[in-house]
Each structure stands twice: as C-alpha cells, then as structure tokens.
Amino acid sequence: MSIRNMALAAAAGLVLTIGTAAAQQITGAGATFPAPLYQKWGEAAEQPTGLKLNYQAIGSGGGINQITNRTVQFGATDANLTAERLGQANLFQFPTVLGSIVLVYNIPGVESGKLRLTGEIVADMYLGKIRRWNDPRLVELNRELTLPNLPIAPVYRADGSGTTFQFAGYLSIVSDEFKTSVGQGTSVPWKAGTGGRGNAGVAGIVRQTRGSIGYVEHAYAKQNNLAMAQLRNKAGRFVYPTEDTFQSSAAAADWLSDPTFGITLLDQQGENSWPIVAPTYILLPRNPTDVAASRNVMRFFDWAYGAEGDKLADELGYIPLPENVKNVVRQAWAREIKGPNGEAVWTGGGS
C-alpha cells in the first residue's frame, strides 16, 4: 500500500473512531410491549442523533422500579401511573405510541382469524370455568368451525407487566366475576393457566402448546406468525386485529383530558373498534441529577416522534400519536422537567 493510501486509511479509521466515541448512550428498561419498536428506533436514530439506545425489556414492573431507584435514565411502562404515585417518585410520564393486545391461539385445524371470541368467554377461560375447546358456548360462536375436544391451556404473563394491566383491565370491564376475583394490576392472581416471562415468553409457550391461548402485543403475534382471534367489540361486532380496527379505537381518545396522559382506550365505542388498545409510556425524573442524560432521552423521543419514527411504528403495527399530542408532550417536557437550579432541561420547543 502506498504511503498516500496508508494515510487515507488511517484518516478514515480516525474519523470512524471519533464518530463511534462521540455516540452517547442512553439507558432505559421496562415494558416488553413496545420493545420491538424501541429496538428499531434505536437502530435508526443512532446516526442522525448521535445517541445509542441501551434498552432492557424486563417488564413494566421492573421498569417502574428501576426508574424509581434511578438506576436507569428512563423507565417504560404500559401501566400508567396515577398522579399520586408519580408525585411520590417525582416522575413525569408521557406516551410514545399506541399498541394493541391480541388473543393468540394454537388449535389444530383452526386457521388464524377464524376463531371468534367474546371478552366474557375469555374471562371464563382465565377463571378456569371454560376448560375445553368444544365447550357449547364456543361451539355456538363458531358454528362454521370444528373445534376439537382438547383442553384449553391459558397462558399469562408471569412477570409484572403492563400488558397484563391492560388485558386484565379489559376483562374486568366485561366480566364482573373476573373484576371481583382477579381484578386489574401488573400482576394478578390468575385462576387457571401457565405463566411466561415477557410477551416473547407467552408467544413462545402458545407456539409450542396445543390447545393454548394467550395475550400478547400485536407485534409479537406478527413476528411469531401466531394465529390471532376475532373479538366481539362494544358495538357487538366481531372484529379482527388490523390497523383499521386499532385506528378506530385510537380516534376516540381524549388525550388532553388528563395532564398525566393517563387515559384508557379499553372497550371503546365504535363499529370497527378493536377492544384492547392501550398507550405505552416513558417515565422520566422531574429533577434529573444528570441533566445532559435526561436531555438526551428527550432528544431521542423527539426524533422518534418524527416522520421516520412514525414510519417504523406503522411497519411494526403500532399506532403513532397525533401531532397535536406530540407537541403537548414537548411543551410538558419544558414545563415539568427541571435542572438543579430550576432551569428547563428541554429547550427544543413544541408548537
């Protein structure tokens, strides 16, 4: 190699080294529900922002604990925190996207999209009251199918989970017995079934177990090619989980009604609405000790709110937030998150 080419190669290596060293890492942990999207956002954002995302999908409960203990720069949860709990931990929460929870199943001979379910029947499965796939109530709903005489094997989240919070919340809306005996929470006392860790764990058990049914975020069902059920919505129509049915639910959201953004989209009105749609949230300290790191987290999600971030969300089956909501979030960053001298950490604006 000539001296000139050696010099050029060395210079190129120096530029690469400097560029790599300049990347600043942001750390977060929590919900598995949005993890596929956060991974894609992290890969796509690194070059334009100079930020490298380190996100650990450990479940919403773990994310809340870690940000409360300030062992990460942000937490992620699908179970929105109350104003009281946010105040106790001195945290601010904001939504990133909307996701949908779907029912997945492994029934020999029953193709994806063919099985019809109601919320009440699903609740009774998880209460242990409906035990076989040829139960008369299931047969009546699915006259065009031949349902096997096979035990129903419910699968639930074994870890603290915002996905469980939303799913159990939906079942508590449609079934008084479920509400009374199980209730809503990130962890609940399930009456039947087997636990799996994370959305990926539930998806894996369903894929491997004949007769199983489980609840996962839509992206995990797509990635694992799992059969997804139709579900009867509040209008009495059986709907399939699609972008249109998710968007129909999202359209009913009144984001500005709650300053903590803690709204519910469960069992929304609408002829075409999917019954289990939910926001997923980021938790940030209101009084960060590392101001630069906190600002970098907001810079990352500001990028994610842009056109490229929305495109990636669409591709994975998530629902981007409306533009006016994104701008309200940016305004809230500037208003709510303060440095040690009371200065605004976020100075990027928001119209």
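In this predicted model, the largest nonpolar core holds 101 residues, and those that touch the most other members are Trp41, Leu115, Leu117, Phe167, Phe301 and Trp333. Strand S4, which covers residues 91-106, supplies the largest share of this core, with 9 residues.

Leu117 belongs to strand S5 (116-117), which is part of an open sheet of 3 strands in the order S5-S10-S11 with mixed pairing. Why does one side of S5 and one side of S11 lack a neighbour in the sheet? Strand S5 and strand S11 (238-239) stand at the edges and have a single partner strand each, so one side of each remains without a neighbour there.

**Strand S3 and its partners**

Strand S3 spans residues 74-77; Phe74 and Ala76 point one way from the strand, Gly75 and Thr77 point the other way, and all are buried. Strands of a sheet pair through backbone hydrogen bonds, in either the parallel or the antiparallel sense. Strand S3 pairs with S1 in the parallel sense and with S12 in the antiparallel sense. Phe74 of S3 stands opposite Gly28, whereas Gly75 has Leu283 of S12 as its bridge partner.

| Strand pair | Sense | Bridges |
|---|---|---|
| S5 and S10 (residues 230-232) | parallel | 2 bridges |
| S1 (residues 24-30) and S3 | parallel | 3 bridges |
| S3 and S12 (residues 277-285) | antiparallel | 3 bridges |

**The largest pocket**

The largest pocket has a volume of about 160 Å³. Which residues line the largest pocket? The lining consists of Arg70, Val72, Gln73, Pro285, Asn287, Pro288, Thr289, Asp290, Ala293 and Ser294. By class, this lining has 4 nonpolar, 4 polar and 2 charged residues. Pro285, one of the lining residues, falls within strand S12 (residues 277-285).

Key
Residues numbered from 1 in each chain as written. Predicted model: local features only at pLDDT ≥ 70, side-chain atom pairs only at ≥ 80, totals over all residues. Heavy atoms only, no water. 1 Å grid on protein atoms, 1.4 Å probe; cavity = no way out; pocket = protein on both sides within 12 Å on 5 of 7 lines; lining within 4 Å. Points joined across faces, edges and corners; volume = space filled by probe spheres on them. Nonpolar A, V, L, I, M, F, W, Y, C, P; charged D, E, K, R; others polar. Core = buried A, V, L, I, M, F, W, Y, C linked by side-chain atoms within 4.5 Å. Buried < 20%, exposed > 50% of the residue type's maximum accessible area, 1.4 Å probe, protein only. Helix = DSSP H or I, 4+ residues; strand = E, 2+ residues; numbered from the N terminus. Pairing = 2+ DSSP bridges.
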